[in-house]
Amino acid sequence: MEFNDRLKKLRTERSLSHEDLAELLGMRRQSYAYLESKIEDKKAETIIKLASFYNVSTDYLLGVSDFPKPFSNDEQKFLDEIVNNDLKEWFTNELNNLSIEDLKKLRVLWELMNK
């Protein structure tokens, strides 16, 4: 499915008109309608090709994310769980219970994972 088709599908699934969405986004109706036109497909295709070439996510290229590598579904699920306050609280408590030596090991592991 093309970029413009996805936009249209998402908008219509929410029963929004071009006018509705343009108003929500603070833009003119014509400007939003342009995004759903085939004209934008080439820009989206170029972004996808660049992301593939550099092996980074499209979100990274577009400035949506600071993480260059795309996340797998499992990684994204894990990150979503971390945002959950219960897990965040658990993680914070666990970190507080670690010795200084264990915290240093954890930091080395974290740095290795981010290389």
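Tutor: The count comes to 1 aromatic pair, under a rule by which rings of Phe, Tyr and Trp (its six-membered ring) pair if their centres lie within 6.5 Å, with planes under 30 degrees apart counted as stacked, over 60 as edge-to-face and the rest as tilted. The pair is formed by Phe53 and Tyr54, edge-to-face with 4.9 Å centre to centre and 80° between the planes. Both Phe53 and Tyr54 are exposed, where exposed means over 50% relative accessible area, buried under 20% and partly exposed in between, with a 1.4 Å probe and protein chains only.

This is a predicted model, in which local features need pLDDT of at least 70 and side-chain atom pairs count only at pLDDT 80 or more, whereas totals for chains, interfaces and linings use all residues. Residues are numbered from 1 along each chain as its sequence is written, and side-chain values use heavy atoms, with hydrogens and water left out.

Turning to the loop, Glu36 lies between α3 (29-35) and α4 (41-54), helices being DSSP runs of H or I with at least four residues, numbered from the N terminus. Glu36 counts as buried because its relative accessibility is 11%. Setting aside residues up to four places away in sequence, Glu36 touches Asn4, Leu7, Lys8, Arg11 and His18, contact meaning heavy atoms within 4.5 Å. The side chain of Glu36 is joined to that of Arg11 by a polar contact of 2.6 Å, and to the side chain of His18 by another at 3.1 Å; a polar contact is a pair of N or O atoms within 3.5 Å, of which, within protein, one must be able to donate a hydrogen and the other to accept it, residues adjacent in sequence counting only if both atoms are side-chain atoms.

Notes
Helix = DSSP H or I, 4+ residues; strand = E, 2+ residues; numbered from the N terminus.
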